[in-house]
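Have the sequence and the 3D view ready, and we will walk through a few features together.

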Amino acid sequence: MARLLRRIDSLFFSLLSLGGKNPTSRICVLLFFSWFLWRIWKFSVAPKWYPNRPKTYPYWIPFVGHTLSFFRDGDGTIMRARMYFKNDRAPFKLVIMGETVYVVTSPQDTASVHRQIENLSMDNWIKELMVQFGATSASINAMWSPKAMQSASKEPLAHVCQLLFRLQLNPGEYSNQVQERVLRKIHERMTWEEMPTSMILSEAHNSRVISLLHWSQNVLLQGATTSFFGKALLEVEPELFKYFFKFDESSWKLSYRIPPLLAKDLLRAKSFAQDAMQRYFDLPAASRADASWLVQSIEAKMRASGIPSRDIGRLVLMFYWTINANAWKSSFWMLTYIINDSNLRQSILDEVTPLLANNSLLSPVELAAQLCECLCLTSVYNEVLRLTASSVSVRTVVGPAAIGDLVLEKDARIVVPYRQMLLDEAVFGPDTNEFNHERFLQNPSLAKSSSFKPFGGGVTLCPGRQLAQREVLSFVALALCKFDLNMGEPLSNSHRNVPELEARIPCIGIMGPVAGQDVHTRVIRV
Ligand code: HEM
């Protein structure tokens, strides 16, 4: 050891003499030497010194780490890191804006993250999001502080809200009520007369060319917004969807705390949507009596904790985002793939037409339940989720925690990017980057694979997964059976037969198409 130190010492002085007498060159040499030592230590010595810590994917600039490459192409960065470590799928470390982020890419390690409920917590991330959503510290304290404990179980209000969501959405009486409302709304909107004019690109007798993007957005958001919030929210702000979509497109900047100067688009859209929410919560309760049990219960508990309308609006926008960010995108991708393949479309029509012919006998919930039994339709749904979900779970290490033999640093962040498993060739086959509607049909057990987790897992497993599947399948079946859909002639450069998936921008749910790309569909009244 002493010899090594003497060598470094003499190397240091030889390098310093290289800089000559000029102070600037001496500083440069010194900086280079320090950087060189840092690299050797960080990526050659430390991994051997601490074999029980996850390895760091090498980077060039301290603090900056992988930030730039991650924001340019998050998924690509994670994949390159996985390949650098010979695809052994052991957890590894990235450095993003100076912060340690452990990345977990195997089903076994994901299950281990889900099991360590006490020491790997989601709370810090939710608290940060609340700050990013602009709630005051007094309201955030009210959501988390012991003073605001709401229930006999002594859980903070933030956890009570999570429980309320699960109660409303997990199968049971409350879930039936909300599903009935959402699905009925979707049925009402899927008629020739109810097509919003904003999505119609051209019109002739009994035939229209429409934007598939706007159709899926409009129907799915109308259904969920009026069912969860009642009529008043869209009456208070008829332009809400426009700003919500702008917000959703740039919402990744919020999750990654991008400075306000580089996030003006996000901040403008967010403030507009929050203002609408505040005006909604300022209305007398009687004019919002048709809101869901969930929204009424959350509001009552927040008011009881002294949270004002302004902050209720800010916090509830987070919930609105969770409810509305994903299902319309799955609907869009499903219809896109189906109308591009006439054999597939016919197979699905063969399955669903008899069910819709009995439509008058079946309630929307009963119909949706039967659609979920259609093998071809659900295989397409699963394949769309597999190919387009970029879902992540985010946790913070708050107590002693390990994954296998690897010990995790306290306060570090853990990210589980499920896409790394959803595209695993060893599980899903060599054509894993392609849409293959027969994949789940030929091998139904894939839907139960531990690598197929588009809805996350553990205690935070998405409680909205049943509603999501039912609304998406209802929309797709109604679109195919009530209209004759064909690929429309392109009316602008935005048309693509199959748009590109926006996989570069970090996303924490279903990915949308690249901005400006759409599908122009000819819809004929039948
Ligand atoms: C295709 C559609 C959807 C996808 C892919 C999806 C995905 C996810 C994922 C991956 C999580 C887990 C996040 C984590 O572990 O940290 C999650 C949580 C959640 N999702 Fe979904 N979701 C979808 C639709 C919905 C819908 C329609 C609703 C509500 C109506 C909903 C409500 C929630 C809620 C409340 C949570 C938080 C659960 C908790 O923390 O306890 N989701 N979702």
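At what angle do helix α19 and helix α24 pack? In this predicted model, the angle between α19 (residues 364-371) and α24 (residues 465-482) is about 90°, and their axes lie 9 Å apart. Angles of 65 to 115 degrees count as roughly perpendicular, so α19 and α24 are described that way.

Zoom in on where these helices touch: α19 brings Pro364, Leu367, Ala368 and Leu371, while α24 answers with Arg470, Leu473, Ser474 and Ala477. By class, the contact of α19 with α24 has six nonpolar residues, one polar and one charged.

Helix α24 turns up again around the ligand, where it supplies at least two residues of the shell. The helices that each give at least two residues are listed here:

| Helix | Residues |
|---|---|
| α8 | 157-169 |
| α16 | 309-324 |
| α17 | 327-339 |
| α24 | 465-482 |

The largest share, three residues, comes from α8. There are 23 residues around the ligand, and Asn326, Ser391, Gly456, Cys462 and Gly464 come nearest. The shell divides into 13 nonpolar and 10 polar residues, with no charged ones.

Now for the strands. Six of them form an open sheet in the order β1-β2-β3-β10-β7-β4, and the pairing is mixed. At the edges sit β1 (55-56) and β4 (120-121), each pairing on one side only. For β1, the partner is β2 (residues 92-96), joined in the parallel sense over two bridges. To find one on screen, look for Thr56, whose bridge partner in β2 is Lys93.

Conventions
Residues numbered from 1 in each chain as written. Predicted model: local features only at pLDDT ≥ 70, side-chain atom pairs only at ≥ 80, totals over all residues. Axes fitted to C-alpha atoms, helices over the stretch in contact; angles between N-to-C directions. Helix = DSSP H or I, 4+ residues; strand = E, 2+ residues; numbered from the N terminus. Parallel < 35°, antiparallel > 145°, perpendicular 65-115°, else oblique. Contact = placed C-beta atoms within 7 Å. Nonpolar A, V, L, I, M, F, W, Y, C, P; charged D, E, K, R; others polar. Pairing = 2+ DSSP bridges. Near = placed C-beta within 6 Å.
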